[in-house]
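My notes follow, in the order I looked things up.

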Amino acid sequence: MKKGLFLLLLLWLWMIPAEAAYQPQYSVAGFYPLDDTGRTVYSMNPAWRFHKGSASEAYRVDFEDSAWEVVSLPDGIEYQPTEASGCTNYQEEVWYRKHFTPVDEWKNKKLFLHFEAIMGKSKIWINGHLVNEHFGGYLPIIADVTAYVDFGKDNVIAVCADNSDDPSYPPGKAQDVLDFTYSGGIYRDCWLIAHNDVYITDPNYENKVAGGGLFVAYNNVSEESADVLLDIQVRNDRKQSFNGKVVYELLDANGGKVGEAGRRLSIGKGKAVSGASKIKLSAPHLWSPESPYLYQLHVYIKDNQGNVIDGYRRRIGVRSIEFKGKDGFWLNGKPYEAPLIGANRHQDFAIVGNALSNGMHWRDAKKLRDAGLKVIRNAHYPQDPAFMDACDELGLFVIVNTPGWQFWNEA
C-alpha cells in the first residue's frame, strides 16, 4: 500500500508542468540578501494588533491592546466588494501595534524598520518614541530604531495610519469621485534590517536628491559590449574613521563571474561618501521582452583586512531604451520592430483590496505576459516591489506613474 502511494505521488509530481513548480524570488527591502555579509533581514509581517478608529494613547508601551484583533501584513483593513470604487472603503484612522523581543544577534547592529508602504498619513513609534512621520501611500517608510530597542524586554512598534481625504498626499483628489480605492493600513510588507555600522545606505531613508543607496545604469550598449555604471553611497556610523573598499562582482545566470570592479573607501566618523565605478561587459546577454536575461550583481563593503562588513545582491538586466521621434522606439541600439501591446494595471484585487501577497503580484505579471503584453502602465502610482521584480524577470516594460489622477493641488 505504501509503495503504491509512493508511485502515485511520483506520477503526480511528474505530471506537474515545470512552470507550476517554479518558485519566484522576491527582493526584501530593496535588495536580495547575501550570506556572511553581516546584513540580515527579518519579516515583521506576523501578528500585529489592529484597531479601526482613533486611539490617541496607543503609541504608549503600557497601552492595553489585548482586546484588539490580531492581523498579519499585508493588511487591507477590511474586505472589499469584488468591484469597489473610492466611495466604498473605510477612510479614517487605524492603529497597529506589534510586540516583539529582540534576538541577541541584533546587539551592536544598526537596526532599521522598513515598511514597503503605509497608506495615507502615517506615524511610527517604537517603545513610545516617534521615529518617523510620512505623507503618501506608495513609497517605503524607513526608521532607524537602533537607539530605541530594549534587549531582554517586550518591545512595541505602534503605527497610526489615516487614509481620509487630504490634498497634502497623492493622489490628493477626493476619493468619492475616484474609480479606484486607496485602501488604508499597512498593506505591503514590513522588514527589520540588521547590519553593521558601516553600511550601504537606503535611498528612501537618506532622502538625497538623485543619491543614496546603489544606483545602476548602462552606457554604450551593444551586442559586442556594454558599460555597467555603478554609483554607491556608504555611511560610517562608527566612532572612528573607516578605511576599506567597495567590491562589485557581476555573475551570469549560471553563477559564473563575468566582471568585477571596486574602489577605495575613506569615510570619517558619522559621514557618508559616494563614488562611481564601471564594469566593462563583453558580449553581454541583453535584456528584452523576448529574452529577459538577468545578471546577479554582488556588492561587498570590505575593510583593509579583507573582512566583509556589509553587502547584498541585486538582479540587473542590461539594456538601453530610446524614443527617437518618428523613428520610433529603440531597444539595445536597434529599432524594436515588434508591436508594443500593453495595458494599465492597478495594485488591487477582489475582496483583499490593496493587500496583495507577493505571489498575487507575480501572478498578475505572469498572466499579463502570457496574454502577449509587453508594456504595463502602473496606474496610477509606484507599485509593489514584488510586481516590479516579476516584470524584470518575465519581460515586461513598465511605465511608473507619479501618483496623481486628473488632479493638481493649487498649493
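I began with glycine 244, and I found that its bridge partner in E17 is aspartate 303. A reminder to myself: this is a predicted model.

Strand E14 (residues 242-251) and strand E17 (residues 295-303) run antiparallel, and eight bridges join them.

Then I looked for the sheet they belong to. I see an open sheet of four strands, ordered E15-E14-E17-E18, with antiparallel pairing. Which strands stand at the edges? They are E15 (257-267) and E18 (308-316); each has a single partner strand, so one side of each is left without a neighbour in the sheet. From one strand to the next, the twist averages 15°.

**Cores**

I turned to the nonpolar side chains. The largest nonpolar core has 35 residues, and Tyr248 and Leu297 touch the most other members. Strand E13 (residues 225-236) gives the largest share of this core, five residues. I also noted a second, separate core of 29 residues, with Tyr90, Leu113, Ala143 and Ile186 among them.

I stayed with leucine 297 for a moment. What is leucine 297 in contact with, leaving aside its neighbours within four places in sequence? My list includes Leu214, Val216, Leu230, Tyr248, Leu250, Ile279 and Ile316, and also Glu249, Arg313 and Arg314.

I checked isoleucine 126 and found it opposite histidine 129 in E7.

E6 is also joined to strand E9 (residues 155-162), by six bridges and again running antiparallel. There, isoleucine 126 stands opposite isoleucine 157.

**Parallel strands**

My last stop was further along. Do strand E22 (residues 342-345) and strand E23 (residues 375-378) run parallel or antiparallel? They run parallel, joined by four bridges, and glycine 342 stands opposite valine 375. With helix H4 (residues 358-370), E22 and E23 make a right-handed β-α-β unit.

E23 also pairs with strand E24 (residues 397-400), in the parallel sense and over four bridges. In E24, phenylalanine 397 is the bridge partner of valine 375. I followed the chain from E23 through helix H5 (residues 385-394) to E24, and this β-α-β crossover is right-handed.

Key
Residues numbered from 1 in each chain as written. Predicted model: local features only at pLDDT ≥ 70, side-chain atom pairs only at ≥ 80, totals over all residues. Heavy atoms only, no water. Pairing = 2+ DSSP bridges. Helix = DSSP H or I, 4+ residues; strand = E, 2+ residues; numbered from the N terminus. Core = buried A, V, L, I, M, F, W, Y, C linked by side-chain atoms within 4.5 Å. Buried < 20%, exposed > 50% of the residue type's maximum accessible area, 1.4 Å probe, protein only. Contact = heavy atoms within 4.5 Å. Right-handed = clockwise from strand over helix to strand, strands pointing away. Axes fitted to C-alpha atoms, helices over the stretch in contact; angles between N-to-C directions.
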